[in-house]
Amino acid sequence: MAKPKRVYQVWKGKNIFICNGRLVFGPDAKSLVVTLLLIIVPVIVFCTHVARNLLHEISEYNAGYAILLVAILLTVFVLVLLFLTSAQDPGFIPRNLDPPEEEFIYDSPASIEAGGTPTPAPRIPRSKDVHFSGRIVKVKYCDTCKFYRPPRCSHCSVCDNCVERFDHHCPWVGQCIGLRNYRYFFLFISSSVLLCCFVFAISALYIKFLTDDCGSVWKAIKASPVSVILMAYCFIFLWFVGGLTFFHLYLIGTNQTTYENFRNRREDSIRVYDRGLLNNFLEVFCTKVKPSINFHAHVQENELRPGTGLTPVGEVDCLGGDRRAKIEDDREIGGDLLKISQRCDVEEA
């Protein structure tokens, strides 16, 4: 008798699974190597050329050892958050095993005006009104996943999966950012800002000690050019990561996603998900997230059916159909967030 396959072995997306499906990465997970090098290499240089020399410069209360310890702990914390962001299910919704039946729909008015006859044709509606949290919202149908996408869900063209509360596909972590890993992503970028500030400040402090010993700043720079390089590196890095952190603080405070902020640029848009500043932050950081898909389970133990929690207006079952255009700019959103943060966009109802 053939051994039953596990969920990750029959998964239709482009994800990379390791440890028998216990860890799930995006298709561009190799970019993690670059991100790791950008974090680890400067920290190693800092510990060997700056923090180690401060062990004797600041001998009181073992402050030199404290600086070295803080640098190591902060780095480990950043790396753990990076792992939690990139190695887990960000909020994938399984594809529908039972595609909805087509409905008879008349041709569009444009085709009728062109001389066509208004004959009904069997096809899936492009959108449908559903009840969601006491509101009536319009949802679209995913041609790839074969179900109506819940509000704030979008299909990532990089991973080829529908992701709940889709924010963007981040090439730096090689994974989609969505419902289940957004809080880890924010903590990752914000803790990276703290690490940059710490390395910058301690490197500047070491230059000050050398200036006092050598008599001039120029001689201090010549004595430790590595410290100046680290300060320049952290300054440049802070422009990107710091701007990204403040941009996501704005998104959290207004209960938007990067995708919503990027795509919905109409001035008359209404933020239907905005619950107030405090509640918006509580929703991101304190709300219990529903369990991830068990990719390690055998297929018969884990029925891959989308649970959208939607009730169409006037219907009981929400599984129906509509086409959605393929998102081609998911990766660009992740690579151009600083430009997006300068826009005064609001979310479309």
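Which residue forms a salt bridge with R152, and how far apart are the closest N and O atoms? The close-up views below come from a predicted model, and the first of them takes up this pair.

**View 1. E260 and R152 meet in a salt bridge.** The partner of R152 is E260, and their closest N and O atoms are 2.9 Å apart. E260 belongs to helix α9 (residues 258-263), while R152 sits in the loop between β8 (147-148) and β9 (154-156), so the pair ties together parts that are 108 residues apart in sequence. Both ends are covered: E260 counts as buried at 8% relative accessibility, and R152 is buried too, with a relative accessible area of 14%.

**View 2. R180 pairs with D89.** Here the closest N and O atoms of the salt bridge are 2.6 Å apart. Distant parts of the chain are linked by this pair, with R180 in the loop between β12 (175-177) and α6, and D89 in the loop between α4 and β3 (92-93), 91 residues apart. R180 counts as buried at 9% relative accessibility, and D89 does so at 2%.

**View 3. R275 reaches E283 through a salt bridge.** The N to O distance between these side chains is 3.1 Å.

**View 4. Helix α2 and its packing partners.** Helix α2 covers residues 31-51, and its 21 residues reach 29 Å from the first C-alpha to the last, close to the 30 Å expected at 1.5 Å a residue. Take a look at its buried residues, among them L32, I39, P42, F46 and V50. The buried residues of α2 pack against β2 (23-25), α3 (54-57), α4, α6 (182-214) and α8 (225-254).

**View 5. A nonpolar patch on the surface.** I72, V76, V80, F83 and L84 make up this patch, and together they have about 400 Å² of accessible area. I72 is placed in helix α4 (residues 63-86) and is partly exposed, with a relative accessible area of 42%.

View 6. In the model, residues 184-207 are 100% helix and 0% strand, with end C-alpha atoms 34 Å apart. Residues 227-253 are likewise 100% helix and 0% strand, and their end C-alpha atoms lie 37 Å apart.

Technical notes:
Residues are numbered from 1 along each chain as its sequence is written. This is a predicted model: local features need pLDDT of at least 70, side-chain atom pairs count only at pLDDT 80 or more; totals for chains, interfaces and linings use all residues. Side-chain values use heavy atoms; hydrogens and water are left out. Patches are made of residues with over 30% relative accessible area and no salt bridge: like charges are joined within 9 Å, nonpolar side chains (Val, Leu, Ile, Met, Phe, Trp, Tyr) within 5 Å. Accessible areas come from the Shrake-Rupley method with a 1.4 Å probe; for residues, only the protein chains shown count as cover. A salt bridge is a side-chain nitrogen of Lys or Arg within 4 Å of a carboxyl oxygen of Asp or Glu. Helices (H or I, at least four residues) and strands (E, at least two) are DSSP runs, numbered from the N terminus. Buried means under 20% relative accessible area, exposed over 50%, partly exposed in between (1.4 Å probe, protein chains only). The expected span of a helix is 1.5 Å times one less than its number of residues. Contact means heavy atoms within 4.5 Å.
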